[in-house]
Amino acid sequence: MEKHLKNILVVSFGFFFLFTAYGGLQNLQSSLHSVKGLGVTSVSVIYAALILSAMFLPPIIIQKLGCKWTIVGSMCCYITYTLGNFYASWYMLIPTSMILGLAGAPLWSAKCTYLTIAGNSYAEKAGKLGRDVVNQYFGTFFLIFQSSGICGNLISSVVSGQTPKEMNISEAELECCGAADCRNMTTYDADISRPTETLIYTLLGIYTGSGVLAVLLVAVFLDPISGHQNETEEKKISSFWTTILSTFRHHKDIRQCLLIPLTFYSGLEQGFLSSDYTRAYVTCALGINFVGYVMICFAAANSIFSIFFGKISQFTGRNFLFVLALYGVLFEKHKEAAFANYRLWESLGFVIAFGYSTFLRVYVKLYIVLAVLVVSMVLYETVEYLESKNSLGTASPARQKPAESLQNDQETQL
């Protein structure tokens, strides 16, 4: 147990240090590199590359390198993006963004595979249920991983807050913040309270060091599990193209099509938060050093209310808390294809949100996000109506059939 727990902690803290750097840096892109939208364009490229990566790369790379070295190699790709920020230009950030995006899917797939194999391996030796141990491992991982957002944003605010410049914004200048967003994007860097180059390099140095620490931690202390992995990954490769096809075939399910706007909204809303909200509302009115503090409050509230809603869901039902565990409940028999579609459409929402960030005014983006939200809610209620109708339709005949007949029907469906 100590050996297995050590490996889980190594993976968890490796991701903690890596995303302490990446998470904090992503939230600053729209403020640090706002001229001609360089920062938000780079993040858009990341999620576009992530879509392609998720469709093709993970099984192939994991089979070639194994879980451990896939994680190590992918983490090194994340570091290249941090290094690209030292000399932020179109020739540096865009290529490193593509590298990071392509490495994102193999990184997360290797992590999931490692935790699953490790959990099942220990459960077999200890005589426990595999899914129980795996759930415990994932719970430990996310408990440590989620705190990286707080740490990364705290570092950015503390370091950037050392700038001697103070924000003295007049009422007229404040009118150009928020939804109005009437600042000239080509000269935006000169208008905001931008930290000195020394402080920016200090921040990037800390983030680079955090990423390097993550790589060294995993490379040195994580035990490989190649013996268990080969058999598992061979099965994945054999069904690779089947998985790709099933992802697109899943759109034959009308419920999947109706849920596309809701999934798309998830990425659109998070993209707006990371790019436009941090720049037009926080940096513009308070200063770039407050971006981290605001995002810490967001992360803390997100965690608290996730726990709260999870507790009250048993009293309110799914219809009230429709965003929790939705795909796993509706598509229980086709979870892999359903979650692949979730990642696809959510990532597309990110791409579009970051992509049009420099072309549209903030108030226009707000209207777009609200419109997508309204459409999503209407279509979601349509899904609930179809679910309730199907439930009633399948329940009535079931009462009239004898047990033997029902069993025959189930065997036919299987």
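Lysine 365 is buried in this predicted model, with a relative accessible area of 0%. Its side chain forms a salt bridge with aspartate 276, and the closest N and O atoms of the two are 2.5 Å apart. This pair links distant parts of the chain, since lysine 365 belongs to helix H15 (residues 362–400) and aspartate 276 to helix H11, 89 residues apart. Aspartate 276 is likewise buried, with a relative accessible area of 1%.

Aspartate 276 has a further partner. Its side chain also meets that of arginine 279 in a salt bridge, with an N to O distance of 3.7 Å. Through shared partners, the salt bridges join Asp276, Arg279 and Lys365 into one network.

**Salt bridges**

In general, side chains of opposite charge can pair when their charged atoms come close. How many salt bridges does a search of the whole structure find? The search finds three, and they are listed below.

| Salt bridge | N to O distance |
|---|---|
| Lysine 6 and aspartate 223 | 3.0 Å |
| Aspartate 276 and arginine 279 | 3.7 Å |
| Lysine 365 and aspartate 276 | 2.5 Å |

The salt bridge between lysine 6 and aspartate 223 joins a helix to a loop: lysine 6 lies in helix H1, whereas aspartate 223 lies in the loop between H8 and helix H9 (226–238), so the pair ties together parts that are 217 residues apart in sequence. Lysine 6 is partly exposed, with a relative accessible area of 32%. Aspartate 223 is also partly exposed, at 24%.

**Aromatic pairs**

The structure holds 22 aromatic pairs. In one of them, the ring centres of phenylalanine 15 and tryptophan 108 are 5.2 Å apart and the ring planes stand at 70 degrees, so the pair is edge-to-face. Phenylalanine 15 is part of helix H1 and tryptophan 108 of helix H3, so this pair ties together parts that are 93 residues apart in sequence. Are these two residues buried or partly exposed? Phenylalanine 15 is buried, with a relative accessible area of 0%, while tryptophan 108 is partly exposed, with a value of 25%.

Tryptophan 108 also pairs with phenylalanine 145: the ring centres are 5.3 Å apart and the planes are at 85 degrees, so this pair is edge-to-face. Phenylalanine 145 is buried, with a relative accessible area of 11%. One aromatic cluster is formed by Phe15, Phe19, Tyr22, Tyr78, Tyr81, Trp108, Phe141, Phe142 and Phe145.

**The nonpolar cores**

Which residues have the most contacts inside the largest nonpolar core? They are Phe15, Phe19, Tyr22, Ile71, Met75, Tyr81 and Leu107, in a core of 62 residues. Several helices each supply at least two residues of this core, among them helix H1 (2–32), helix H3 (90–126), helix H4 (130–145), helix H8 (197–221) and helix H11 (254–283). Helix H2 gives the most, with 14 residues.

Leaving aside its neighbours within four places in sequence, phenylalanine 19 is in contact with Gly24, Tyr78, Leu107, Trp108, Phe145 and Ser148. Another core, of seven residues, lies apart from the largest one; its members include Phe264, Leu268, Val369 and Val372.

**Confidence in the model**

The average pLDDT of the protein is 76, and 74% of the residues score at least 70. Where is confidence lowest, and where is it highest? The lowest confidence is in helix H16 (residues 403–413), at a mean of 39, and the highest is in H8, at 94.

Two stretches may be considered in turn. Over residues 185–191 the pLDDT is below 50, and this stretch has 15 contacts in the model beyond near neighbours in sequence. Residues 395–414 also have a pLDDT below 50, and that stretch has three contacts in the model beyond near neighbours in sequence.

Conventions:
Residues are numbered from 1 along each chain as its sequence is written. This is a predicted model: local features need pLDDT of at least 70, side-chain atom pairs count only at pLDDT 80 or more; totals for chains, interfaces and linings use all residues. Side-chain values use heavy atoms; hydrogens and water are left out. A nonpolar core is a set of buried Ala, Val, Leu, Ile, Met, Phe, Trp, Tyr and Cys residues joined through side-chain atoms within 4.5 Å. Buried means under 20% relative accessible area, exposed over 50%, partly exposed in between (1.4 Å probe, protein chains only). Helices (H or I, at least four residues) and strands (E, at least two) are DSSP runs, numbered from the N terminus. Contact means heavy atoms within 4.5 Å. pLDDT is the predictor's confidence in each residue, from 0 to 100. A salt bridge is a side-chain nitrogen of Lys or Arg within 4 Å of a carboxyl oxygen of Asp or Glu. Rings of Phe, Tyr and Trp (its six-membered ring) pair if their centres lie within 6.5 Å; planes under 30 degrees apart count as stacked, over 60 as edge-to-face and the rest as tilted.
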